[in-house]
Amino acid sequence: MFRVPLYVALALIIAFGGGIATTLYALNASSGFGAIKLGAWEAFPRAQTADADPYAKSHRARAGKLLLGTAEGLKFTATQDDGGQPLRSSCRYRITGQTPPARLWTLYVADRGGNAPIARDGLPAGLNSWVIGRQPDSSFVISVAADAQSGNWLPLPGDDRAVTLALTLFDTPTAGSSGLIDLSMPQLQRIGCGHA
Amino acid sequence: MLKIVFTVITGLVGAALLHLIIILALPHFTGLDAYTGVLAKGDLNRFYGVGKRPDGSGLSDGDPFLQSAVCAFDIEDQPVRLVAGGDVPFWSLAIYDSSSNEVFSMNDRTSVDGGVDVLVASPVALTTLRKALPESLSQSILVEMPRAEGYVVLRTLSPRKSLEDAAQAFLAGATCDAFAIGATPGASSDQ
């Protein structure tokens with residue numbers, strides 16, 4: 001006598017539970033399809049446009065961020081290094097190479113949610129293309145670590161937490177470029193963790 | 001046994017349908033999207049600065065070298081004219097509709113004389129304006145926007161600390177006023 005309601009209940013639980021769980025997972029996992037991935041760096045050039053996919057539109061409706069327009073720039077974020085390991089503030093990293101053509105770029109450290117972490121007093125909150133020193137071939141080397149480093153240094157928070165690196169290119173044709181194979185972002189290598 | 005399989009399949013189909021419905025319907029009622037945040041800043045037709053950390057409106061921009069300001073507008077009755085000027089190394093603006101779809105964006109490289117001078121109007125208003133373009137709009141960039149409600153984001157960079165004051169002045173002096181069609185030339189737009 002209770003068989004039918006039991007089956008109905010089971011079907012409904014799977015429907016609602018599965019539907020909501022997969023939706024939340026999909027929305028939290030990424031900002032939709034249509035990503036450009038260059039090494040460790042990922043960007044979503046069409047996330048703010050009307051022809052973004054439904055996942056991207058749902059994600060931006062929940063995130064409430066002011067996205068960059070196509071003619072403004074393109075924001076790349078890295079949550080893992082080139083080796084696939086998550087970025088942690090207790091480790092030391094080195095960013096080497098060149099960015100795709102852009103008039104200006106900025107680089108800063110954000111927490112896992114993409115918000116800027118507490119800037120450490122007296123230390124630079126980020127780096128940009130105007131202030132870094134370059135190699136003779138105009139590439140650059142940036143050390144990312146909690147302790148002071150010589151050369152270009154991007155400070156990390158002193159504790160041990162997951163961080164995201166945000167490299168934003170301003171006035172760049174990268175977003176609309178069809179020749180993506182020629183574009184390359186800097187390499188992001190992990191040098192060591194802790195005091196190793 | 002078969003009944004359990006059917007039950008599970010029904011459940012999975014339901015899950016897929018629910019997933020689809022939520023994804024497609026979500027943008028209409030989150031209340032967390034950027035347009036709601038811009039409206040929460042204050043009045044229409046005024047630029048408000050955006051801080052580095054989320055404030056009451058929920059908007060923020062964590063980039064330490066980027067200064068932004070937002071202005072919500074409604075071009076149902078009158079177009080809106082965006083004007084800003086100053087000595088900054090870079091500025092960019094983007095116009096979004098109320099669903100945060102990008103309508104138009106530009107940066108200072110494509111500006112006429114280095115300053116911001118953009119008129120956003122509905123297709124009907126733009127046709128009226130183009131028939132008899134006022135003198136004051138001769139250098140303006142005219143943007144057509146089919147939907148009435150939207151917002152503008154104006155950004156400028158201060159790569160060095162010494163340039164921060166100029167960036168703040170640029171954003172503080174930016175205006176987002178309604179433009180009266182048919183006003184006598186030179187009367188309302190002495191910016």
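1. Lys and Arg count as positive, Asp and Glu as negative; His and the chain ends are left out. A patch takes residues with over 30% relative accessible area and no salt bridge, joining like charges within 9 Å and nonpolar side chains (Val, Leu, Ile, Met, Phe, Trp, Tyr) within 5 Å. A salt bridge is a side-chain nitrogen of Lys or Arg within 4 Å of a carboxyl oxygen of Asp or Glu.

2. This is a predicted model, where local features need pLDDT of at least 70 and side-chain atom pairs pLDDT 80 or more. Residues are numbered from 1 along each chain, and chains are lettered from A in the order written.

3. Negative charge gathers on the surface at B:Asp74, B:Glu76, B:Asp77 and B:Glu149. B:Asp77 sits in the loop between strands S2 (66-74) and S3 (80-84) of chain B. B:Asp77 is exposed at 73% relative accessibility (exposed is over 50%, buried under 20%, partly exposed in between; 1.4 Å probe, protein chains only).

4. A nonpolar surface patch has about 1100 Å² of accessible area together; A:Leu10, B:Met1 and B:Phe6 are among its members. Helix H1 (residues 2-25) of chain B gives the most, with 10 residues. B:Leu17 is found in that helix.

5. Over all chains there are 5 aromatic pairs (ring centres within 6.5 Å; planes under 30 degrees apart are stacked, over 60 edge-to-face, the rest tilted). B:Tyr96 and B:Tyr151 are stacked, because their ring centres lie 5.2 Å apart and their planes stand at 20°. The pair ties together strands S4 and S8 of chain B, parts 55 residues apart in sequence.

6. B:Tyr96 is buried at 1% relative accessible area, and B:Tyr151 is buried at 2%. With B:Tyr35, they form one aromatic cluster.

Methods: Side-chain values use heavy atoms; hydrogens and water are left out. Accessible areas come from the Shrake-Rupley method with a 1.4 Å probe; for residues, only the protein chains shown count as cover. The place of a charge is taken as NZ of Lys, CZ of Arg, CG of Asp or CD of Glu. Helices (H or I, at least four residues) and strands (E, at least two) are DSSP runs, numbered from the N terminus. Rings of Phe, Tyr and Trp (its six-membered ring) pair if their centres lie within 6.5 Å; planes under 30 degrees apart count as stacked, over 60 as edge-to-face and the rest as tilted.
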